[in-house]
Amino acid sequence: MKLKDSKLNKDQLLQAYRMVKEARMLDERLWQLNRIGKSTFNISGQGAEVGQVAMALAFEPSKDYFLPYYRDMAAAMVWGMSAKDILMGSLGKEADPSSHGRQMPNHYGDRKHNIVPFSSTVTTQYPVATGVALAMQIDESDAIALTATGEGSTAEGDFHEALNFAGVQKLPMIFVIENNGYAISTPNSEEFGVKDLSIRAKGYGLLGKQVNGRDFAETFLAFKEAAENARNGKGATLIEMLVDRLTAHSSDDDQRVYRTPEDISEMKENDCVGLMEQQLLAENILNQDELDSIKEELSEKINQATEEAEAMPNPTADQLMTHIYGEE
Ligand SMILES: Cc1ncc(C[n+]2csc(CCOP(=O)(O)OP(=O)(O)O)c2C)c(N)n1
Ligand SMILES: [Mg+2]
């Protein structure tokens, strides 16, 4: 679909692109910080930024809740987290809003922005999200909940339990499966026996849809419809969003061991960020000079955020047990 099919205006589309590009450039910075030994770990959403930004823009972050998983940096930024917030998490700084430096990097959470922190144990955010949605239903609020996980993680029992409960209670929420083709080194063909994971929705009494997460407008419209349904008492939707994983699983993995060079280069040629840039140019939303200057501006922004985050204090030894348990 064309970007303009999203029915967003030019300014909104430019804003969406800036978010996509900022997330990509920030992730590249996080890899650099890891490779020079300044951060311990990185697990990235490169290849999913367009889908994630389109998804998150369909919500109202000031009232809706987001229960992300580790690749959801771009979506967490749409929900309100800044580049500096994310850098502080990766560098384990005391002012890191996700966990004050106690969690692993990329475990996004921010009370101020309705982002609920999650466990590394995959899919545990799904049943927690049903609890959040149930609370909203009981409160008769029109807020809704969004939660995401990877496709390999749908094999966990938590996936079944959460979808079943959401179907029984008609909860105001959206479940997302970000299908990037792999669970670490395990390909889709060894993960599940269906072609379209969203058809599983039917067995739980939920709405279901598969979207191409490299297509901004298609993804935005699907999430907008799902959000409207959730807000209007029509219950939960399961969306399988097809994306790419352009990088290795994490900074501790090397995907060249289990993917062919052709597979990797073909995926990079169809990089969703490049596709969105081509669409912006083709639809006359901006020209090449404007595209270059956005990149320049974001590069300065990320350099400045990196400097500021690096200068922030680390947690001290006497704070070891703070932020671990709730305080009275
Ligand atoms: C319950 C559980 N089992 C195993 C792991 C180790 N693990 C971390 S990420 C991952 C792969 C998940 O793949 P997928 O759900 O496709 O998400 P992706 O990383 O591809 O986005 C595994 C097995 C874990 N964190 N939790
Ligand atoms: Mg996967």
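Which side chain meets that of Glu60 in a salt bridge? Arg231 does, with an N to O distance of 3.8 Å. A salt bridge here is a side-chain nitrogen of Lys or Arg within 4 Å of a carboxyl oxygen of Asp or Glu.

## Basis of the model

This is a predicted model, in which local features need pLDDT of at least 70 and side-chain atom pairs count only at pLDDT 80 or more, while totals for chains, interfaces and linings use all residues. Residues are numbered from 1 along each chain as its sequence is written, chains are lettered from A and ligands numbered from 1 in the order in which they are written, and side-chain values use heavy atoms, with hydrogens and water left out.

## Salt bridges

The structure holds 17 salt bridges. Glu60 and Arg231 belong to a network of them that also links Lys63, Asp64 and Asp142. Glu60 has a relative accessible area of 37% and is partly exposed; Arg231, at 21%, is partly exposed as well. (Buried means under 20% relative accessible area, exposed over 50%, partly exposed in between, with a 1.4 Å probe and protein chains only.)

Another salt bridge joins Glu22 and Lys301 at 3.1 Å, N to O. This pair links distant parts of the chain, with Glu22 in helix 1 (residues 10-35) and Lys301 in helix 10 (residues 288-310), 279 residues apart. Helices (H or I, at least four residues) and strands (E, at least two) are DSSP runs, numbered from the N terminus. Glu22 counts as buried because its relative accessibility is 10%, whereas Lys301, at 43%, counts as partly exposed.

Five strands form an open sheet in the order 1-2-3-7-6, with parallel pairing. Two strands pair if DSSP finds at least two bridges between them. Strand 1 (65-67) and strand 6 (207-212) stand at the edges with a single partner strand each, so one side of each has no neighbour in the sheet.

Six bridges join strand 3 (residues 173-179) to strand 7 (residues 237-242). Among the residues involved, Val176 has Ile239 in strand 7 as its bridge partner.

Glu151 lies in the loop between strand 2 (145-150) and helix 6 (157-169) and Tyr182 in strand 4 (residues 182-183), so the pair ties together parts 31 residues apart in sequence. Both Glu151 and Tyr182 are buried.
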